[in-house]
Amino acid sequence: MLSRVADSLYWMSRYFERADNASRVLKATYGLILNPAKFSTEERWFRAVCSLAPGGASKNVDLQRVLFSLVADPEGTFSIVKCISGARENARQVREEISSEMWEHLNRLFHDVTSFTLRPDDDAGAMRVVTLVREGSYRFTGITGATMNHDEAWHFIQLGKYIERACNLCVMLDAYFVLGKHADDLDWVGLLSSCAAFEAYCKACTAELKPERIANFLLLKPEFPYSVRYSVDSMHEALTAIGNLSLSRRTENVERLIGRLRSMVTYVQIDEIISELHKYLAAIIEQCRELHAAVHELYIEYPIEVAFQN
Amino acid sequence: MITETDPSDRSGAKALQRYDFDGAYDEMFSALDHPRKQYRPLHNLLLNLGPDELLRSKHEADQSFFNQGITFTVYGNDKGTERIFPHDLLPRIITATEWERIERGLTQRITALNLFLKDVYHEAKIIEDGVVPGSIVYTCKHYRREMRGVKVPRDVYITVVGTDLIRNPDGNFVVLEDNLRVPSGVSYMLTSRRVMKQIFPGLFQKCRVRPIEQYSQVLLSTLRSFAPEGRSEPTVVLLTPGSYNSAYFEHTYLAREMGIELVEGRDLVVHDNIVYMRTTFGLQRVDVIYRRIDDDYLDPLVFENGSTLGSPGLFNAYRAGNVAFANALGTGVADDKAIYAFVPKIIRYYLDQDPILEGVQTFLMSDPGQRDHVCQRLEEYVVKAVGESGGYGMLIGPHSTEKERSEFREKIYAQPRNYIAQPTINLSTAPCFVDGMIEPRHVDLRPYILYGDKITIVPGGLTRVALRKGSLVVNSSQGGGSKDTWVLQN
């Protein structure tokens with residue numbers, strides 16, 4: 001496959017996952033703030049902002065307009081509309097590579113979410129966009145799995161999706177366990193719902209909400225698709241498949257990095273990391289970044305000289 | 001009680017009330033209320049469908065185009081508003097007999113034009129024999145000196161052609177223009193067929209329409225036939241200027257339908273006169289390039305202008321025979337509007353046959369006698385710049401103002417070689433669904449011709465419509481739209 005195409009598929013998928021993540025977080029948070037808060041509503045919004053716009057959050061954020069800016073702000077790099085546009089723009093560059101069904105769905109979703117002209121104080125309107133993306137995202141995942149060959153292109157899509165998901169989860173866990181100090185049961189429900197995990201958690205661990213158990217579930221549970229462990233395993237699977245297809249490439253560095261990352265989330269127990277959670281999460285994000293760079297150098301922007309040596 | 005209804009009471013008859021004739025050949029009616037045989041099923045349907053139903057169908061079709069992203073971008077605001085390509089709901093119908101003549105005529109014409117290109121870039125016998133003046137050939141904007149003596153695979157220069165035909169008031173098809181460089185629009189032909197089958201399934205079946213869906217397969221096998229020797233499993237790619245090009249939808253569509261890579265210039269690397277594309281597996285050799293980029297932008301090493309759309313070194317790889325282009329470079333010399341005047345002579349010269357399809361009478365402004373004749377009665381003529389396409393640089397005499405005419409007169413005298421003139425031809429009209437009514441609009445026809453080891457013409461084409469009432473300009477850049485074209489089985 002063309003390197004440029006692989007890159008666009010990867011970014012299409014990352015942007016889409018980012019929009020999907022934002023819609024989950026906002027839906028959960030919005031549901032939460034309707035309840036009276038034990039501590040403060042601001043705290044809840046603050047956590048959502050920290051989960052979605054790392055670095056962009058400070059206590060000074062105008063919380064009245066936070067929903068608007070996370071949903072529709074055309075300037076905001078992290079807004080849902082911006083991410084859907086990014087996904088669609090990348091898809092447009094590789095329309096011949098993805099199935100027509102995928103394109104049509106993504107294109108329609110893009111037109112649907114951009115057709116709203118939202119006022120900054122129109123929470124209900126913003127939530128309609130969130131709902132559109134929630135519904136659209138599961139459908140897109142289904143269509144992608146069902147209408148494409150599960151070949152190299154698909155693996156690049158998977159890689160983008162899960163590397164994005166792993167990073168998002170780490171940022172979110174950091175927001176709840178490290179940055180936000182006061183969390184009550186409702187907030188933990190909020191965190192789990194933000195990861196589409198509430199029901200799955202209850203099935204596995206009962207409805208007893210213990211922070212450590214929740215951390216364990218969202219970080220290390222290999223069976224749950226919105227856990228860091230599951231995401232890293234999926235990245236590994238995608239990279240192995242891509243590596244097997246391109247026998248001629250020197251994949252050692254990428255293999256080393258994904259192997260190291262996998263061991264970090266496989267051979268560890270929650271009580272070993274819970275006290276230093278921030279450091280642990282930061283290390284995972286950093287390793288994802290290194291992996292991203294290594295993949296880019298190996299498959300996307302390799303020097304011509306290297307190509308002729310192989 | 002059952003009463004016999006008068007046909008004029010049927011709901012659809014109302015929609016036809018505004019159908020009037022302006023002296024052009026009408027595709028549907030031979031006279032008022034007398035539909036031609038091939039149009040009878042459609043006419044019947046129209047009589048029975050109310051405007052509401054038509055409107056609903058129109059909406060359904062629009063939605064289908066929109067969701068498929070068959071749109072072009074209107075620039076000028078941040079959002080990059082997207083519009084669908086304007087299209088008309090009603091099919092244009094061509095009989096088997098009419099088509100048979102078109103097919104023969106185009107095959108003859110394209111064969112001759114290809115021989116002309118080969119000749120012009122090699123011995124130039126036709127010039128030596130005085131049939132076409134060298135002064136016209138060598139001054140063509142699209143003549144490419146670099147192509148002199150270059151052997152092109154199979155001696156085929158024009159692999160993909162879209163020739164514009166019009167029907168004159170007698171009902172005969174004549175050639176208006178040859179598009180031999182990078183003709184576009186075929187994706188609209190293919191997608192609108194898909195939509196029409198959804199909307200008028202019954203009518204479609206009843207009419208026995210010949211299929212066009214095989215176009216992509218024929219195109220692919222045509223392209224593969226140009227692979228350099230020894231490359232039994234050639235890699236064919238489509239080279240696009242990128243997603244900002246107005247025909248980008250078509251590029252992605254064709255690449256997907258053919259299952260080939262859609263590459264941009266930056267994906268290509270030339271090393272030792274071999275073209276490669278950068279893939280995740282490393283560099284992969286490219287054998288045939290269906291290029292949708294103009295000559296001038298293909299290779300910055302040969303054609304100045306610092307374009308980044310192509311890739312440096314492509315032309316040398318081509319000259320070395322390591323890669324094939326479709327179409328070849330320099331084909332624009334044969335669709336120059338001044339050369340057009342010589343096509344009947346070109347056909348006779350190479351094939352020793354009379355042209356099956358006639359052209360439109362053409363006056364060369366480089367000829368003083370013809371120039372004076374035309375300039376004295378500009379209001380009767382259409383004046384065209386020779387190297388332009390897309391309806392740009394045109395004067396339509398009957399619709400022009402005195403000021404426009406005098407401006408053109410000056411331009412003609414300043415650069416006579418740059419202009420030709422043709423009598424205004426009343427293009428035929430076909431029924432179109434406009435503002436809830438069915439009205440006649442002027443149309444042309446662009447069939448697509450593929451030339452590989454043989455010439456293939458998919459039965460159909462793009463019927464372009466001048467959607468503005470009375471307008472004779474069908475180009476999409478000038479307010480034109482399209483409609484599906486049905487060629488009937490015998």
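Start with β7 and β15 of chain B. Two bridges join β7(B) to strand β15, residues 358–359 of chain B, and the two run parallel. Here B:V174 stands opposite B:E358 in β15(B). Keep in mind that this is a predicted model.

How covered is β7(B)? Mostly covered. The strand spans residues 173–179 of chain B, and five of its seven residues are buried. As background, side chains in a regular strand alternate between the two faces of the sheet.

Staying in chain B, some backbone points. Most residues other than glycine have a negative phi, and most peptide bonds are trans. Now look at B:D272. Its phi is near 50 degrees, a positive value in a residue other than glycine. B:D272 is found in the loop between β10, residues 268–271, and β11, residues 274–279, of chain B. Is B:D272 buried or exposed? B:D272 is exposed, because 10 other C-beta atoms lie within 10 Å, and exposed means 12 or fewer.

Next, B:N273. This residue also lies in the loop between β10 and β11 of chain B. Phi of B:N273 is near 65 degrees, again positive and again not a glycine. B:N273 has 15 C-beta neighbours inside 10 Å, so it counts as partly exposed.

The other backbone point is a peptide bond. B:A326 and B:N327 are joined by a cis peptide bond, with omega about -5 degrees. B:N327 lies in the loop between β14, residues 324–326, and α12, residues 337–340, of chain B.

Over to chain A, and a helix pair. Two packed helices are described by the angle between their axes and the distance between the axes. Take helix α2, residues 41–52, and helix α7, residues 152–179, both of chain A. Their axes come within 7 Å and cross at roughly 145 degrees. The crossing of α2(A) past α7(A) is right-handed. Which residues of α2(A) meet α7(A)? They are A:R47, A:C50 and A:S51. On the α7(A) side we have A:V171, A:M172, A:A175, A:Y176 and A:L179. By class, this contact has six nonpolar residues, one polar and one charged.

Now the core. In soluble globular proteins, nonpolar side chains tend to be buried together. The largest nonpolar core here has 231 residues. Those with the most contacts inside this core are A:V71, A:I80, A:I84, A:A166, A:L173 and A:L218. Look at A:L218. Leaving out residues up to four places away in sequence, A:L218 touches A:L169, A:L173, A:C195, A:A197, A:S227 and A:V228.

Last, the contact between the chains. It takes 22 residues from chain A and 20 residues from chain B. Which elements of chain A each supply at least two residues to the side touching chain B? They are α1 (3–33), α4 (80–93), α5 (100–115) and α15 (304–309). α5(A) gives the most to that side, with four residues. The residues on the chain A side divide into eight nonpolar, six polar and eight charged.

Note on methods. Residues numbered from 1 in each chain as written. Chains lettered and ligands numbered in written order. Predicted model: local features only at pLDDT ≥ 70, side-chain atom pairs only at ≥ 80, totals over all residues. Contact = placed C-beta atoms within 7 Å. Nonpolar A, V, L, I, M, F, W, Y, C, P; charged D, E, K, R; others polar. Core = buried A, V, L, I, M, F, W, Y, C linked by C-beta atoms within 7 Å. Buried ≥ 20, exposed ≤ 12 C-beta atoms within 10 Å, placed from the backbone. Pairing = 2+ DSSP bridges. Axes fitted to C-alpha atoms, helices over the stretch in contact; angles between N-to-C directions. Left-handed = near helix turned anticlockwise from the far one by under 90°.
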